[in-house]
Amino acid sequence: MQRLPTKRLSASSAYAPLAMSAPRFEGLTRGDIAPVLRMTRENMSSILLSAWGLEWSDETLLDAILDRSTYTEVARLGKEIVGYFTVDQKGEYVFIVSLQVRRDWQGKGLGKLMVDRIEDLVLMAGLEGVELCVQTTNETARGFYEHLDYRFVSKVRNNLLMRKAVQEASNALPPPLLLANSF
Ligand SMILES: CC(C)(COP(=O)(O)OP(=O)(O)OC[C@H]1O[C@@H](n2cnc3c(N)ncnc32)[C@H](O)[C@@H]1OP(=O)(O)O)[C@@H](O)C(=O)NCCC(=O)NCCS
């Protein structure tokens, strides 16, 4: 069984036909950390408060993305980071630790593009599928993942565990024209 790419490999993949307008996926570098923390804080503070009654703290996310077992890619448009995901391998599944689209880029297809990218990593690593947790109060994320065929598995305190088995044909990269319509 192959492991996910390590931080040292720092995978980079542009969708060549759309390289001028589509985001490039690149391994996280140190300079990316501040915008990643900022976008997550903006997206998640109110959700964390409503689900758990907790104030946002950068430290928890920082620990997760710097943990040697996790793997993070940023979605870059020009010099700007418009989204990112952090994943961890849990047995035969890739677990999404965090997946965020910058607010001004939400609703434009980037979240789906990042999930497609994670599913591609699953296929490349010969794993079974993808798992994630959404906070019970995060209706947007739950609807988003359900729309992408993720199914509820169980409720763990204020989190909902969701899962999707990933198969070869249905999860290949979408045709360039579809991507072109999104951006
Ligand atoms: C949730 C999130 C990642 C979605 O990303 P996005 O870029 O806004 O979503 P997309 O534009 O890629 O949407 C992809 C598809 O899902 C659909 N969709 C999005 N949200 C949906 C919802 N709440 N219910 C149903 N469908 C939804 C879109 O209509 C689109 O459908 P289509 O491909 O058939 O046109 C983004 O809103 C975000 O970053 N939210 C804050 C952070 C967060 O909650 N992260 C998840 C934590 S687990």
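How many bridges join strand E5 to E6, and do the two run parallel or antiparallel? Strand E5 (residues 93–101) is joined to E6 by 4 bridges, and the two strands run parallel; strands are taken to pair if DSSP finds at least two bridges between them. The model is a predicted one, in which local features need pLDDT of at least 70 and side-chain atom pairs count only at pLDDT 80 or more, whereas totals for chains, interfaces and linings use all residues. Residues are numbered from 1 along each chain as its sequence is written.

The protein contains 5 helices and 8 strands, these elements being DSSP runs numbered from the N terminus (helices, H or I, of at least four residues; strands, E, of at least two). Their order from the N terminus is β-β-α-α-β-β-β-α-β-α-β-β-α. Of the 183 residues in the protein, 30% are buried. Burial is assigned from C-beta atoms placed from the backbone: a residue is buried if 20 or more other C-beta atoms lie within 10 Å of its own, exposed if 12 or fewer, and partly exposed in between. Among the contacts with a separation of 6 or more, 60% link residues 24 or more positions apart, a contact being a pair of residues whose C-beta atoms, placed from the backbone, lie within 7 Å.

Strand E6 (residues 129–135) is mostly covered, with 5 of its 7 residues buried. Between E5 and E6 the chain passes through helix H3 (residues 110–125), forming a right-handed β-α-β crossover; that is, with the strands pointing away from the viewer, the path from the first strand over the helix to the second runs clockwise. E6 also pairs with strand E8 (residues 159–165), here in the antiparallel sense and over 7 bridges. Within this pairing, Val130 has Lys164 in E8 as its bridge partner.

The largest nonpolar core comprises 36 residues, and Ala75, Val94, Met114 and Ile118 have the most contacts inside it. Such a core is a set of buried Ala, Val, Leu, Ile, Met, Phe, Trp, Tyr and Cys residues joined through C-beta atoms within 7 Å. At least two residues of this core come from each of several elements, including helix H1 (33–52), helix H2 (58–66), strand E3 (70–77) and strand E4 (80–90). H3 supplies the largest share, 7 residues. In soluble globular proteins, nonpolar side chains tend to be buried together.

The ligand is surrounded by 19 residues, of which Gln106, Gly111, Lys112, Gly143 and His147 are the closest; the criterion is a C-beta atom, placed from the backbone, within 6 Å of the molecule. E5, H3, E6 and helix H4 (139–147) each contribute at least two residues to this shell, and H4 provides the largest share, 5 residues. The shell divides into 7 nonpolar, 10 polar and 2 charged residues, where Ala, Val, Leu, Ile, Met, Phe, Trp, Tyr, Cys and Pro count as nonpolar, Asp, Glu, Lys and Arg as charged, and the others, Gly among them, as polar.

Two individual positions were also examined. Phe25 lies in strand E2 (residues 24–27) and counts as buried because it has 22 C-beta neighbours inside 10 Å. Lys90, in strand E4, is exposed, since 11 other C-beta atoms lie within 10 Å. Beyond its neighbours within four places in sequence, Lys90 is in contact with Phe95 and Glu131. The C-alpha atoms of Lys90 and Glu131 are 8.8 Å apart, at a sequence distance of 41 residues.

Definitions and conventions. Two residues are in contact if their C-beta atoms, placed from the backbone, lie within 7 Å.
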